[in-house]
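Try each task on the structure before you read the solution.

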Amino acid sequence: MNIQLLVVGKCKEKYLLAGIEEYEKRLKKDVKFSMTEVADERAPERFSEKEAQQVMKKEGERLWQHVKPQSYVIALDRKGKMFSSEEMASHIDQLALHGRSHLTFIIGGSLGLSDDVLQQADLRWSFSTLTFPHQLMRLMVVEQIYRALQIQKGTPYHK
């Protein structure tokens, strides 16, 4: 299985980077995993809704350039479908069983993802209706991917 994580911007917090690197290392034992960062779009401190949409559109175009045509795309969206860890593990397992072995998870910038990206995604995934820092979401997503794989394997990690 190939799993790709596409994100907007650079993560600068050392504690988050350490956690992400740990889960990347663990994931690479079971799957081909990669993370690609695209540049975030500069935005004024105060901006209109139209300016926010333009920022998300440009970031979305940058993200979508890295999506492989055969990939099943899962976009993070507060309004998306919520899954338990077991349900996400089952969903990933079902995708693999149906020949969908390339998954792309997309995390937007601080403003979120453009409507274009959300509409093109195969699935919108919500962790919660709460707002989380998008850099923290990287760690949360890689951990949940790892957890899903461990659930599939039946290891005690999930307990």
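**Exercise 1. Describe the setting of S126: which strand holds S126, and is the residue buried or exposed?**

Solution. Start with the element: S126 belongs to strand 5, residues 123-126. Helices (H or I, at least four residues) and strands (E, at least two) are DSSP runs, numbered from the N terminus.

A word on what you are looking at: the model is predicted, so local features need pLDDT of at least 70 and side-chain atom pairs count only at pLDDT 80 or more, while totals for chains, interfaces and linings use all residues. Residues are numbered from 1 along each chain as its sequence is written, and side-chain values use heavy atoms, with hydrogens and water left out.

Next, take the accessibility. S126 has a relative accessible area of 1%, so S126 is buried (under 20% relative accessible area; exposed is over 50%, partly exposed in between, with a 1.4 Å probe and protein chains only).

Then list the neighbours. Leaving out residues up to four places away in sequence, S126 touches D77, R78, G80, K81, M82 and F83 (contact means heavy atoms within 4.5 Å).

Finally, look at the side chain: one of its polar atoms lies 3.1 Å from the backbone oxygen of S128.

**Exercise 2. Work out the sheet: in what order do the five strands lie, and which are the edge strands?**

Solution. The order is 2-1-4-3-5, in an open sheet with parallel pairing. The edge strands are strand 2 (32-38) and strand 5, each pairing on one side only. From one strand to the next, the twist averages 30°.

Now check the pairs (two strands pair if DSSP finds at least two bridges between them):

- Strand 1 and strand 4 run parallel and are joined by six bridges; L6 has I106 of strand 4 as its bridge partner.
- Strand 3 (residues 72-82) and strand 4 pair in the parallel sense over four bridges; here the partner of A75 is I106.
- Strand 3 and strand 5 are parallel too, over five bridges, and A75 stands opposite R124 in strand 5.

**Exercise 3. Inspect strand 4: which residues point one way, and which the other?**

Solution. H102, T104 and I106 point one way, whereas L103, F105 and I107 point the other way. Both groups are buried, in keeping with the count of six of six residues buried in strand 4.

**Exercise 4. Characterise helix 5: how many of its 20 residues are buried, and which strands does helix 5 lie across?**

Solution. Begin with the span: helix 5 (residues 134-153) reaches 29 Å from its first C-alpha to its last, close to the 28 Å expected at 1.5 Å a residue (the expected span is 1.5 Å times one less than the number of residues).

Next, count the covered positions: 14 of the 20 residues are buried.

Then turn to the packing. Helix 5 lies across strand 1, strand 2, strand 3, strand 4 and strand 5, at about 170° to strand 1 (axes are lines fitted to C-alpha atoms, for helices over the stretch in contact, and angles run from 0 to 180 degrees between N-to-C directions).

To finish, step past the end: just after helix 5, G154 takes a positive phi of about 80°.

Notes. Polar contact = N/O pair within 3.5 Å; in protein donor to acceptor, adjacent residues only side chain to side chain.
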